[in-house]
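Work through the exercises below with the sequence and model at hand. Each task is followed by its solution.

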Amino acid sequence: MADLGVTHIQLLPIYDYSTESVDETKLDQPHFNWGYDPKNFNAPEGSYATDPYLPGLRITELKTMIQALHDRGLRVIMDVVYNHVYDGYRVNFTKLVPGYYLRYKRDGSLSNGSGCGNDTASERIMMSRFIVDSVLYWAREYHLDGFRFDLMGLIDIDTMAEIRRRLDEIDPSIMTIGEGWIMETELAMERLANQSNADALPGIGQFNDGYRDAVKGNIFLPDDPGFIGGRSGLEQAVKTGITGGVVYGQTTGQFADEPQQCVNYMECHDNHTLWDKIVLSSPGASNGQHRAMHRLASAMVLTSQGIPFLHAGQEFLRTKDGVENSFRSPVDINWLDWERCAAYADDVTYMKKLIALRRAHPAFRLRSAEEIRAKLFFEKAPAGVIAYTLREHAGGDEAQHLYVVYNTNLEGSTLALPPLGGWEPLLGEELAEFHTDGRLTVKGIGMVVLAVRA
């Protein structure tokens with residue numbers, strides 16, 4: 001992971017989750033769960049410890065792991081699930097003050113926007129205080145560098161804003177990102193920390209499902225190919241992700257006021273992996289074409305504005321053998337297959353090049369919507385192709401101009417290069433064919449990046 005060049009590692013839930021999910025006392029029996037069933041929010045999960053019967057050991061081993069990652073230059077993000085509990089009737093909160101810590105419908109039944117049986121009442125003073133104090137505890141005691149909020153769209157705005165304010169007092173670089181999905185719950189929509197209310201949540205990133213679905217196809221429609229699979233008419237939707245979800249002209253814009261509010265990604269633990277989605281949605285394509293689509297989707301994430309997010313194993317075309325929801329699938333579905341990593345070493349190398357490109361060129365990570373609107377220009381391109389320039393040392397980049405082309409046409413595409421100087425290839429030179437009349441042909445599915453040096 002350190003060799004890839006990534007900056008942060010996000011861990012799935014590491015707090016103590018329900019015994020019904022994973023029984024810490026029966027680890028000799030095969031069972032598996034991602035851990036999205038919160039039980040004790042402020043204690044580490046014992047099934048990850050070498051001995052779950054020694055309470056202090058799980059604390060020591062977790063801190064040792066975090067320190068080891070820090071020693072390798074990797075920051076650590078914790079996946080937190082404050083939106084619901086594993087059992088609304090048996091949870092400690094209900095035993096303490098029945099009817100207070102969870103949301104209820106008018107008929108007395110539990111609100112269930114989470115789809116997990118209940119929703120926490122984060123809008124109530126003591127529930128909000130618990131969530132804030134819990135986040136601060138993990139940040140201070142375990143030196144965590146970020147938090148990913150599961151189903152953040154069910155948590156109220158005021159609680160999320162308070163978390164951000166208090167984390168800023170500790171370290172403004174601590175990352176806060178979350179799933180700002182728009183979901184029904186027993187709280188007014190305007191009070192929820194979802195994408196529609198992102199303007200009230202500065203400094204909090206939201207996962208960009210619109211960009212994901214435009215690029216690879218709708219996650220709920222396995223046979224939908226998306227932009228990389230050659231589906232027409234998606235260019236405008238894709239551009240909204242390239243610009244980091246901010247308002248860009250009259251026809252482009254999503255939920256973000258600033259690019260740090262947009263998390264661009266193609267796959268995560270949920271739903272089909274990118275590779276499985278491509279195979280399902282493009283059954284007539286060859287393995288080589290599938291690999292080209294996969295590389296292009298990953299390249300688009302790492303050359304778009306905002307926060308790029310990669311799923312572990314995405315660099316070697318991770319597959320779960322078509323399993324869409326692997327939350328309790330056996331290890332041989334969920335594991336990181338290092339034999340596959342070796343088999344697709346060229347794709348791993350390509351991912352490393354993409355990450356190195358982004359880190360070397362601040363033009364791909366502009367800090368404000370104003371700068372994106374001033375420095376990023378979409379260029380003329382045929383159907384199935386998107387081209388844009390980042391101009392005039394955008395973000396303080398050493399290159400005067402950058403030119404990026406995403407091509408989905410199998411037979412290739414030819415474009416007129418902007419007359420801004422002598423273009424040199426930075427990435428994708430094997431796909432680039434230059435013509436004497438100032439045109440560029442991209443030979444096959446993929447990305448080409450060119451630069452004009454100062």
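**Exercise 1. What share of the residues of the protein chain counts as buried?**

Step 1. Set the cut-offs: buried is under 20% relative accessible area, exposed over 50%, partly exposed in between, with a 1.4 Å probe and protein chains only.
Step 2. Of the 454 residues, 55% are buried.
Step 3. Note the basis: this is a predicted model, where local features need pLDDT of at least 70 and side-chain atom pairs pLDDT 80 or more, while totals for chains, interfaces and linings use all residues. Residues are numbered from 1 along each chain as its sequence is written, and side-chain values use heavy atoms, without hydrogens and water.

**Exercise 2. Compare the radius of gyration with the globule rule.**

Step 1. Take the radius over C-alpha atoms; the rule is 2.2 Å times the number of residues to the power 0.38.
Step 2. For 454 residues, a compact globule would have a value near 22 Å.
Step 3. The protein chain has 23 Å, which agrees.

**Exercise 3. In which order do the five strands of the open sheet stand?**

Step 1. Strands are DSSP runs of E, at least two residues, numbered from the N terminus. Two strands pair if DSSP finds at least two bridges between them.
Step 2. The order is β10-β11-β12-β17-β14, with antiparallel pairing.
Step 3. β10 (376-379) and β14 (424-427) are at the edges with a single partner strand each, so one side of each lacks a neighbour in the sheet.
Step 4. β14 pairs with β17 (residues 446-453) over three bridges, in the antiparallel sense. L427 is opposite V449 in β17.

Note on methods: Helix = DSSP H or I, 4+ residues; strand = E, 2+ residues; numbered from the N terminus.
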